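Visitor: Please take me closely through one part of this structure, beginning with a charge and a ring, and then go on to other features. I would like each term to come with its cut-offs.

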Amino acid sequence: MPPAPRRTAYVTSADGTRVYYEEHGDADAPTVVLAHGWTCSTLFWAAVIRELTPALRVIVYDQRGHGRSEIPRGRARYSTDALADDLTSVLEDALPDGRKAVLAGHSMGGMTLMASAGRPAVRARAAAVLLASTGSGRLLPQTRVLPPRVRDQRLRDRFHRQLLVSAAPLGPDGPLLRAALKYGVLGAGSTPEQVAFTTRIVTACRRKPRAAWGRVLAALDLDAGLADLAVPTAVLVGTDDKLTPPAHAHRMLERLRVPVGLTELPGLGHMTPIEAPDAVAGVIRELVRDHLATPDPTASGGAPAAGAGTSEPAKDEQTAREGGTV
């Protein structure tokens, strides 16, 4: 479990969807905002939060349809624009005008940052960006869940698309499911504890939003958003990532306007913040050190603007992070 949050809040996104977020660490410290990926929740960042706090102020939020955030009604409310709307609402609430943060996104969280790159409110608040284990498009042709010996590209694309869009139950937590998740999203050297933690998070995601977001990912095209990232941007990937293989990281690095380096983690899979939270936190700390000035301790300390999100006590956190109903 991550440290207990200092504050929790809900904000209302552009289409009325309620989005849950947490604040950890010292209110006057430099701020980092973490966006999780598909089928995850704020719990996903537990180890990274422990690495970063109390030296940094950390904001984590549940993507719509995940964790304690509201499940949207209708497919139209699942889109990369909706991801950008939600991040914008969180940043406007958690970062008063004039205060900046380092933004880090894993998988669909990285896609959120690309989708948000052109938003004025995001540009005004982003000091630097980390794109971790993610891609800007063409996910199906490069996914490597099926072994290389299956060479028929049409068969591979159909199989990988079905993995994304299926709303079928994942099944009970047990040896078979854990073995499948270890193979698909973790490195071969991942520990039983990391496998169990990943299984706990992924199985908490509800089926309908899982499938709805899978349809968005299957048709993803965020090259324009990638090109719009106008701040220093680092890229990180595990060399054994089967969902967003290193080819995506290399391609993104070539297209970034202000690249600040690629970190490849040998033998790691897709869940890099779970497999190597120290390495992920280390890149974030470097971005803070190099691109984010320490705020004036007499400043507002990140209190939400008047009339913005509604703060709530940090209660029932285990249910919140394991996909409890809203």
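Guide: The charged end of Arg18 sits over the ring of Tyr10, 4.1 Å from the ring centre, where a charge counts as over a ring if NZ of Lys or CZ of Arg is within 6 Å of the ring centre and within 35 degrees of the ring normal. This is a predicted model, in which local features need pLDDT of at least 70 and side-chain atom pairs count only at pLDDT 80 or more, while totals for chains, interfaces and linings use all residues. Residues are numbered from 1 along each chain as its sequence is written, and side-chain values use heavy atoms, with hydrogens and water left out. Lys242 likewise lies over the face of a ring, that of Tyr183, at 4.6 Å from the ring centre.

From charges over rings we can turn to rings beside rings. Aromatic pairs are rings of Phe, Tyr and Trp (its six-membered ring) whose centres lie within 6.5 Å, called stacked if the planes are under 30 degrees apart, edge-to-face if over 60, and tilted otherwise; by this rule there are three such pairs. One of them is the edge-to-face pair of Tyr78 and Trp213, with 5.2 Å from centre to centre and 75° between the planes. Because Tyr78 lies in the loop between β4 (57-61) and α2 (80-94) whereas Trp213 is in helix α9, the pair ties together parts that are 135 residues apart in sequence; helices (H or I, at least four residues) and strands (E, at least two) are DSSP runs numbered from the N terminus.

Most residues other than glycine have a negative phi, and most peptide bonds are trans. Thr39 has a phi near 70°, a positive value in a residue other than glycine, and is placed in the loop between β3 (31-35) and α1, where Thr39 is buried with a relative accessible area of 7%. Ser133, with a positive phi near 50°, is found in the loop between β6 (126-132) and α5 (139-142) and is buried at 0% relative accessible area. The peptide bond from Thr53 to Pro54 is cis, with omega near 5°, and Pro54 lies in the loop between α1 (46-52) and β4.

A last stop is His106, which belongs to strand β5 (residues 101-106) and is buried, with a relative accessible area of 1%. The C-alpha atoms of His106 and His270 are separated by 9.1 Å, although the two residues are 164 residues apart along the chain.

Conventions
Buried < 20%, exposed > 50% of the residue type's maximum accessible area, 1.4 Å probe, protein only.
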